[in-house]
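Subject: Structure handover and findings

Dear colleague,

I am passing on the structure below, together with an account of what was found in it. Please read the notes with the model open beside them.

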Amino acid sequence: MADFSLGVRVGWRRPGAVIENLERANELGMAAAAAGIKKMARSVLSHAKGLVPVDQGPLRRSGHVVAPTTNSRNRSIEVQVVFDAKNPVNGYGYAEIQHENLNYHHDFGEAKYLEKAIDAHRDQIDQLGRDVKDKFEKAGNAVLTKGRKK
């Protein structure tokens, strides 16, 4: 019986440079992803503002996008679409109750305005997530391929 072994050796030209390039690619990818996610959040906000109940308008005007926060270590990006109107007399925040209470009658607008806007953009949000993941994988592979010895 013959013995057969096969070994594969992968070496790196400059391991430090590969790590630096991966870190830089990650930073650039996170920044690009954050910009895309913020753009999507603005679209959700615009849609939600068309659904928000309006009496005098402060609830609609209170809607805004909170700047994305990124965590490069665990590759997470969080963005918030917020409606935070308060009663000017007592400071009571009423955006949540207007959103949640299905028994309120509104001449214009409706409850669940933010959820409905998110649901309307669900396919686009899911596609954005897939695109971001794909771009990160391609960028990482390109850096790793570039760093290999030939």
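A residue is called buried here when its relative accessible area is under 20%, exposed when it is over 50%, and partly exposed in between, with a 1.4 Å probe and protein chains only. This is a predicted model, in which local features need pLDDT of at least 70 and side-chain atom pairs count only at pLDDT 80 or more, while totals for chains, interfaces and linings use all residues. Residues are numbered from 1 along each chain as its sequence is written, and side-chain values use heavy atoms, with hydrogens and water left out.

Salt bridges

The structure holds four salt bridges, each being a side-chain nitrogen of Lys or Arg within 4 Å of a carboxyl oxygen of Asp or Glu. One of them joins the side chains of E100 and K112 at 2.7 Å, N to O. Because E100 lies in helix α3 and K112 in the loop between α3 and α4, this pair ties together parts that are 12 residues apart in sequence (helices are DSSP runs of H or I with at least four residues, strands are runs of E with at least two, and both are numbered from the N terminus). K112 is buried, with a relative accessible area of 18%, whereas E100 is partly exposed at 38%.

Around H99

H99, which is placed in helix α3 (residues 95–100), counts as buried at 9% relative accessibility. The side chains of H99 and E100 are joined by a polar contact of 2.8 Å, that is, a pair of N or O atoms within 3.5 Å, where within protein one must be able to donate a hydrogen and the other to accept it, and residues adjacent in sequence count only if both atoms are side-chain atoms. Beyond its neighbours within four places in sequence, H99 is in contact (heavy atoms within 4.5 Å) with A111, K112, Y113, L114 and E115.
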